[in-house]
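Here's a quick tour of a protein model, from its surface to its inside. Have a look at the picture before reading on.

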Amino acid sequence: MEKFLEQSLEAEENFYRLEEQRLQAEDLRRETEHTREMHMLQMLGQMFAGLATSTGMPSPAPRSTRNSNTGSSGTQARPFGGSHSHQTYQVDYASPSPPAAPVIERTFSLGGLAHRSMDMLPLVKNTIPPLTSKKHKGQDGRVGVIGGCQEYTGAPYFAAISALKIGADLSHVFCTKDAATVIKSYSPELIVHPVLDSPNAVQEIEKWLPRLHSLVVGPGLGREDKLLNNAKVVIEKSKARGIPIVIDADGLWLVSKEPSVIQGYQRGILTPNFMEFSRLYEAMHHQPLDSTDLRVTAQQLSIALGNVTLVLKGEEDIITDGNHVFTCSQEGSGRRCGGQGDLLSGSLGVFSHWALSSSLNATEGMNPTLVAAYGAASLTRQCNNQAFHKYGRATTTSDMIQEICVAFKKLFET
């Protein structure tokens with residue numbers, strides 16, 4: 001039976017691989033057509049500029065679409081094999097020398113200045129794969145959640161079910177044996193593996209890694225040494241495969257004790273609240289956090305961690321990779337019930353896969369993990385706002401998850 005299952009899984013992977021090649025060839029054709037159209041538009045622009053010059057009108061100076069501090073000299077792109085229905089690339093963002101005084105290069109706010117609020121959302125929309133009848137199960141995302149123990153069963157469920165509702169096709173939870181039955185009882189849609197505390201936990205999880213597009217580590221993990229060590233080894237195995245890794249909750253406790261587990265990994269995303277952020281900052285800088293300007297300290301922490309993307313949750317979410325700093329002030333509410341961070345981490349698992357599997361044109365050269373983080377933060381805050389309008393003080397994370405469909409449409413499909 002086990003041999004039959006292995007053959008079945010191998011056949012499924014081969015099918016996906018061939019389908020991906022076909023879709024990538026089709027996207028390459030469309031990309032070529034798009035390039036040709038852009039070239040024609042540039043020629044027209046030059047013609048109009050020449051006409052303006054001949055009539056004595058000064059032609060506008062060419063303007064770069066990138067900030068001068070983030071030129072292409074620090075960025076390289078190379079093909080990357082994902083299962084997204086776009087031509088895919090892996091982008092290496094060179095770690096810059098730490099600036100003498102970190103600067104907020106660009107800040108966007110959905111709840112503040114309306115004329116600047118849409119600059120990031122189009123990039124998020126560009127990375128969302130279309131729903132077509134030509135796709136097959138698994139192509140739009142297979143997400144794994146590492147967490148879930150006897151005390152904490154809700155957090156991994158919230159993260160995994162959020163990933164499904166946002167658009168992932170399959171959602172796995174790798175938890176302890178005691179937590180598995182409970183998590184299974186919450187939803188039949190989740191694939192639950194009771195292996196996290198088994199003697200061969202790493203081997204049991206590692207065999208699933210080739211089939212996962214992203215990993216969320218920390219929801220409901222707990223702080224037992226055995227579980228933390230297993231999570232650490234799984235992170236290392238995932239890094240070797242280039243899998244996007246979102247770290248939250250007790251996963252951040254692990255990072256504060258052993259920063260090297262994620263330091264310098266450009267596909268890593270951390271989602272701390274203020275207390276978790278303070279702990280990480282003090283672990284990296286060996287001094288108390290100065291909370292006078294959290295944008296600056298968030299940028300400093302990202303740089304210290306090798307330019308991993310950081311989402312500091314708060315009144316406004318601060319998103320940075322050390323090179324750029326964004327704020328997401330999409331209106332939420334004053335309700336701060338437990339579990340909202342799990343909705344964020346689960347959705348970020350999906351958005352990170354989509355963004356990293358998109359073409360460079362989709363994100364306009366922006367670090368895709370920043371685009372993914374902005375999308376996930378915006379969606380979480382919108383869900384909070386919608387649920388609060390219905391339930392007020394009684395709002396819970398379950399209410400927020402029920403708002404994902406409407407919130408997603410409002411932000412990304414209108």
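What follows is a short report on a few spots in this model.

## Ground rules

The model is predicted, so local features need pLDDT of at least 70 and side-chain atom pairs count only at pLDDT 80 or more, while totals for chains, interfaces and linings use all residues. Residues are numbered from 1 along each chain as its sequence is written, and side-chain values use heavy atoms, with hydrogens and water left out.

## Out on the surface

Let's start with glutamate 151, which sits in the loop between β3 (142–146) and α4 (154–166). Helices (H or I, at least four residues) and strands (E, at least two) are DSSP runs, numbered from the N terminus. Glutamate 151 counts as exposed because its relative accessibility is 59%; exposed means over 50% relative accessible area, buried under 20%, and partly exposed in between (1.4 Å probe, protein chains only).

## A buried valine

Now for valine 234, in helix α7 (residues 225–240). This valine is buried, at a relative accessible area of 2%. Setting aside neighbours within four places in sequence, valine 234 is in contact with Ile146, Ile205 and Leu215, where contact means heavy atoms within 4.5 Å. Valine 234 and glutamate 206 are 28 residues apart in sequence, yet 6.9 Å apart in space, C-alpha to C-alpha.

## An enclosed helix

Why is helix α8 (residues 250–257) largely enclosed by the rest of the structure? Six of its eight residues are buried: Asp250, Gly251, Leu252, Leu254, Val255 and Ser256. Their cover includes α7, along with β6 (214–217), β7 (245–247), β8 (268–270) and α9 (274–285).
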